[in-house]
Structures are given as C-alpha cells and as structure tokens.
Amino acid sequence: MNLVNFCISIFSIPLKPKKYLKFLLLSGILFGMAIPAILNILDLPLTGNDIIRNYQLNKIHSNNFKDIETIIVGDSSGGNAINKKIFTKLSGTKTENLTLTGSWGLYGSNGIIKKAISKNKNIKNIVIIQTLDIWSRKKSAESVLELYSLKEAINEIGSTSIIGYYTNPKEIGWVIKYFIKKYILEKPQPERQIDLQHDYILQSEAKYSNNLKTTKSKRIGRIKLSTDKKYELSSLEETCKKYSLNCILVNGPIHSQFINNSKGIIEINLSEVRNQIKFIKYYDKIFSYPGRKIGDSVDHMDVEFKDESTIDYYNLLKNDLLR
C-alpha cells in the first residue's frame with residue numbers, strides 16, 4: 001500500500017495527486033512555522049543576552065523586590081559601573097541593578113521599567129545608564145517581543161514583525177547548535193555566565209586593566225541620534241511620565257583614551273540627546289577612567305573599581321534622588 005492509499009484508507013477522503021501534494025506542502029509550511037514558535041515559547045538560554053535577561057527578571061519576581069526604592073536600568077556600562085550595595089548605603093534607598101546589555105537598547109530599559117513597576121509601584125527613582133554609542137544603534141524588535149505585553153508589542157512594532165519573530169526558521173539552527181555545544185561538546189552554554197559576586201555578566205580575561213586589550217588609535221566616531229533611538233527615547237519618556245517616575249538618564253563610563261581621541265565629537269552627539277529630552281532629567285557628564293581601571297570593553301569598569309564608579313555616580317545624582 002502506497003502513502004496515498006494509506007491516507008485514503010485512514011481518512012476515507014479520495015485525494016488526487018495534486019491535492020495530495022498541496023496537502024503535504026501546506027503541512028510542511030505549518031510544521032515549519034510551528035517548530036520555531038514552540039522553541040521560542042520554551043525560551044532556552046541560547047545567548048548571554050538570554051542569561052542576563054532571566055537573571056534580572058528573577059530579581060523582579062523575587063519576594064523582596066517589593067522593598068526596592070531605586071532601580072538601575074540600561075546596558076552593560078551600568079551593569080559594570082554600579083554596585084547596588086554601595087549605592088543603597090550612600091543613597092539611603094534600597095537599590096537593585098537591573099541592567100541588560102546594549103543589544104536590548106532603550107526598548108530594553110523601558111521594558112524592564114514596565115515590569116519593575118508592575119511588581120512594585122513604590123519605586124521612587126529610575127537611573128538609566130546607557131553607553132555613549134547607543135544612540136546610533138538600530139532598534140531591537142526582540143526587546144519589545146521579550147519584555148513588552150502582546151498589546152504593547154503590536155502597538156510598537158506591528159503584528160507582522162511578531163509573527164516573523166516567532167516563526168523564524170533560524171531558531172531551529174540556534175537550538176541545534178546550543179544542544180551540540182552543551183551535550184555533545186560539553187561546552188558551557190552560553191559562553192558568558194553571571195558573576196554572582198559582582199552581580200553582572202562575567203567579564204572575559206582580556207582586559208585593558210591587564211594590558212591584554214589596547215586602544216591603539218580607536219576613537220568614537222560621529223554618532224548621529226538615529227530615528228529609531230528618537231522614537232525609543234520618546235517611548236521611554238512616555239513611560240516615565242505616565243507613572244510619574246523620577247527618571248534620570250546618564251552616560252556610561254568610558255576609557256579616557258577614547259575621550260582624548262574623540263575631542264569635540266562626543267559633545268555634538270550629546271547635544272542631540274539633550275535637545276530630544278523633555279521629561280527625563282539628563283546629565284551629560286562623562287566619567288572617564290584610565291586603562292588600568294577598565295575591564296573587557298571600553299565602557300566596562302574593571303570589577304576592582306566598580307565601587308569607585310558607584311561613588312562617582314552617586315555624587316552626581318544625589319541631589320535629584322528621592323528618599
């Protein structure tokens with residue numbers, strides 16, 4: 001008995017060859033869409049971005065999050081710059097560091113704020129720390145899909161983008177690679193893990209502080225405030241205004257050599273940001289540190305100097321923090 005006759009005997013439906021081929025094609029398409037969607041729902045920790053997101057969301061869902069009064073959001077420049085325990089002690093407000101990475105963009109910061117406020121409406125201060133080159137990056141639709149409600153996601157990026165994200169066939173390849181590395185090659189997945197002692201992603205061994213990385217002649221190029229970032233910034237302001245939040249935006253720290261190589265450029269960039277902001281308080285101060293205090297990226301403090309940068313940021317913000 002061939003496959004066509006088998007289908008006929010099972011379903012008692014006379015299928016002609018052309019209809020049968022169409023049936024197979026449609027089934028294949030639906031199956032190809034369903035598998036990525038299921039894998040997305042399973043939400044396996046495929047990347048370091050997944051790991052840090054889950055780590056920070058677990059803080060929000062913890063029982064003691066209701067006592068938090070100040071939250072730090074933003075990217076890795078803030079994750080490596082603010083020690084929540086030191087900031088709590090200095091400010092007199094119980095602080096939690098909920099920073100993600102630059103890949104999440106301002107949408108990521110906004111999404112974390114929304115989730116934090118939904119769990120604790122008594123939060124007084126929102127400190128947003130974004131690295132200097134964030135303003136020219138494209139928006140991250142994934143941030144909206146993974147941190148916003150479905151209704152908000154549809155309003156922000158549209159239903160077509162949502163369907164495309166959840167049915168992306170590349171998800172199958174990513175999951176296969178994940179399982180090969182974890183269970184066959186027995187490599188840790190993802191490569192970047194959480195450094196529990198310092199409450200953020202573990203830095204790599206190559207750092208500016210140990211001279212395994214060098215600035216050479218690198219500099220910050222002309223960074224134009226992109227249309228995407230203008231929209232993200234506007235959306236962030238709407239959230240702060242809607243919930244009457246004391247939102248303060250600051251620049252992440254950076255290697256001093258990059259500042260020296262980029263004279264006049266950064267000020268122009270920041271003036272665009274300053275002109276765009278109306279409700280959020282913005283400090284355009286740039287904290288720069290010598291290479292011996294910089295970690296595995298030009299905007300990452302070495303963990304040994306995280307307390308120092310925390311004190312610097314507190315002294316900058318202390319007059320605007322609500323207690």
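User: Which residues is Asn 246 in contact with, leaving aside its neighbours within four places in sequence?

Analyst: The list is Lys 124, Asn 125, Ile 126, Lys 281, Asp 320, Leu 321 and Leu 322; contact means heavy atoms within 4.5 Å. This is a predicted model, in which local features need pLDDT of at least 70 and side-chain atom pairs count only at pLDDT 80 or more, while totals for chains, interfaces and linings use all residues. Residues are numbered from 1 along each chain as its sequence is written, and side-chain values use heavy atoms, with hydrogens and water left out.

User: Why is Asn 246 called buried?

Analyst: Its relative accessible area is 7%, and buried means under 20% (exposed is over 50%, partly exposed in between; 1.4 Å probe, protein chains only). Asn 246 therefore counts as buried.

User: What makes the pair Asn 246 and Lys 281 a polar contact?

Analyst: Their side chains are joined at 2.6 Å. The limit for a pair of N or O atoms is within 3.5 Å; within protein, one must be able to donate a hydrogen and the other to accept it, and residues adjacent in sequence count only if both atoms are side-chain atoms. The pair therefore qualifies.

User: Why is Glu 96 called buried?

Analyst: Glu 96 has a relative accessible area of 10%, so the buried label applies. Its side chain also makes a polar contact with that of Lys 84, at 2.9 Å.

User: Which residue caps the N-terminal end of helix α5?

Analyst: Asn 83 does: one of its side-chain oxygens lies 2.9 Å from the backbone nitrogen of Lys 85. Helix α5 covers residues 84-91, and a helix is a DSSP run (H or I) of at least four residues, numbered from the N terminus.

How values were computed
Helix = DSSP H or I, 4+ residues; strand = E, 2+ residues; numbered from the N terminus.
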